[in-house]
Amino acid sequence: METKVTSKPKSNGVMNGGARIVVDDDDDEVLSPTDLSEMLAEGTKDAHDRAENCQFVKDFLRGRIKRELFKRGTAALYFVYSAMEEEIEKNKDHPQIAPIYFPAELHRREALGEDLEYFYGEDWQTQISLSAGTKPYVDRIHEVGEQDPVLLVAHSYTRYMGDLSGGQILKKVAQRALKLPSTGEGINFYQFEGIHSHKGFKQLYRSRMNELEMDTETKERIVEESNKAFGFNMMVFTELEEIGKTIKEEVQDAGLGHSHAEIMEGGDINKCPYYAAKMASGNTTYACQLAMMLLRHPPCQVALAAWVAVLAGFTAWYLL
């Protein structure tokens with residue numbers, strides 16, 4: 001991958017330190033299993049699978065999300081990103097943090113504040129508090145920021161790269177399921193205005209991580225910390241899932257359009273032909289036939305496209 005730094009604005013790339021960084025999306029990267037990005041992708045697969053299969057996440061991906069839970073989830077993220085960005089800012093000159101310091105492009109605290117104002121009103125700060133399920137996550141971020149800043153690389157990677165990958169799918173699902181304005185209110189968190197190419201930026205970020213000077217032991221500690229970060233996220237999801245059981249709120253349709261609601265027949269996803277094909281064990285031909293059937297029926301294409309997008313988003317995360 002070729003990375004150039006120039007003071008003249010170009011149509012693609014991101015800003016860092018007053019100069020524009022241009023990433024060539026067409027260049028193939030030559031990666032090694034010992035590169036940090038590869039170690040993270042391989043070393044966090046199991047944790048990623050567990051997080052992806054939390055009931056809260058599965059319901060979210062289906063569009064079955066309660067507005068109150070989405071609001072609380074946004075509040076939890078506000079505390080997490082506030083802690084992470086506070087510690088990143090404190091350590092921005094650290095040799096392992098400086099190369100991946102992109103506040104204008106990545107930092108989410110301000111965007112989350114805008115979303116919380118949309119949901120709670122101008123006095124949103126008086127209406128939210130750090131929950132018991134989120135506190136250990138926030139405490140750990142402050143701990144590593146103060147005692148072992150290199151581990152902030154793990155937290156930054158886990159959150160920001162996920163936001164730029166699968167998070168973009170969640171944005172669309174939330175907007176549809178919660179009937180949020182098309183102008184973006186309520187989902188500013190997912191919108192990275194300073195990044196013109198998500199793919200290009202992720203390549204740049206991965207390249208910067210792989211260029212960090214550190215020994216194998218340090219890389220392994222970062223992988224371990226990233227697994228912890230996934231665990232902390234699961235704690236937040238579990239807490240939201242339990243809260244959801246106590247909230248009597250009508251769940252919106254799957255957020256994928258009326259055609260998919262009809263396919264779902266009352267919200268039972270097991271009755272969706274594409275879901276049945278996906279879950280069919282060891283029957284590839286049957287799965288392909290069902291997928292082709294969907295392609296021939298326009299009312300089903302929204303559902304098929306959504307699930308393909310979800311799979312692509314999470315696959316992209318694995319390949320970061």
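Accessible areas in this report come from the Shrake-Rupley method with a 1.4 Å probe, and for residues only the protein chains shown count as cover. On that basis the protein exposes about 15,600 Å², of which carbon and sulfur atoms supply 50%. The structure is a predicted model, in which local features need pLDDT of at least 70 and side-chain atom pairs count only at pLDDT 80 or more, whereas totals for chains, interfaces and linings use all residues. Residues are numbered from 1 along each chain as its sequence is written, and side-chain values use heavy atoms, with hydrogens and water left out.

**Confidence and overall architecture**

The confidence of the predictor in each residue is expressed as pLDDT, from 0 to 100. The protein averages a pLDDT of 79, and 68% of the residues score at least 70. Over residues 1-26 the pLDDT is below 50, and this stretch has 64 contacts in the model beyond near neighbours in sequence; a contact means heavy atoms within 4.5 Å. The pLDDT is also below 50 over residues 253-287, a stretch with 47 contacts beyond near neighbours in sequence.

The protein has 16 helices and three strands. These elements are DSSP runs numbered from the N terminus, with helices (H or I) of at least four residues and strands (E) of at least two. Of the 320 residues, 50% count as buried; buried means under 20% relative accessible area, exposed over 50%, and partly exposed in between (1.4 Å probe, protein chains only). Among contacts between residues at least 6 apart in sequence, 76% join residues at least 24 apart.

**Aromatic pairs and charges over rings**

A search of the whole structure finds 14 aromatic pairs. Rings of Phe, Tyr and Trp (its six-membered ring) pair if their centres lie within 6.5 Å; planes under 30 degrees apart count as stacked, over 60 as edge-to-face and the rest as tilted. One of the pairs joins F102 and F201 edge-to-face, at 5.1 Å centre to centre and 75° between the planes. F102 lies in the loop between α4 (67-90) and α5 (103-106) and F201 in helix α11 (residues 198-210), so this pair ties together parts that are 99 residues apart in sequence. Both partners are buried, F102 with a relative accessible area of 1% and F201 at 2% relative accessibility.

Y118 and F119 also form an edge-to-face pair, because their ring centres are 5.1 Å apart and their planes stand at 75°. Here Y118 is partly exposed at 33% relative accessibility, while F119 is buried at 11%. Ring pairs link Y118 and F119 with F56, F60, F70 and F237 into a cluster.

Two charged side chains lie over aromatic rings, as tabulated below. The criterion is that NZ of Lys or CZ of Arg is within 6 Å of the ring centre and within 35 degrees of the ring normal.

| Charged residue | Ring | Distance to ring centre |
|---|---|---|
| K71 | Y120 | 4.5 Å |
| R108 | F192 | 3.9 Å |

In helix α2 (residues 45-52), A47, H48 and A51 are buried. They cover an arc of only 100° around the axis, taken from the directions from the helix axis to the C-beta atoms, which puts them on the same side of α2. An α-helix has 3.6 residues a turn, so residues three or four places apart point the same way.

N53 is found in the loop between α2 and α3 (55-61) and counts as partly exposed at 47% relative accessibility. The C-alpha atoms of N53 and M234 are separated by 9.8 Å, although these residues are 181 apart along the chain.

R109 is placed in helix α6 (residues 109-120) and is partly exposed, at 41% relative accessibility. Not counting residues up to four places away in sequence, R109 touches Y78, S82 and E85. The C-alpha atoms of R109 and A83, 26 residues apart along the chain, are separated by 9.2 Å.

K179 lies in the loop between α10 (166-177) and α11 and is exposed, with a relative accessible area of 61%. Its phi is near 55°, a positive value in a residue other than glycine. Most residues other than glycine have a negative phi.
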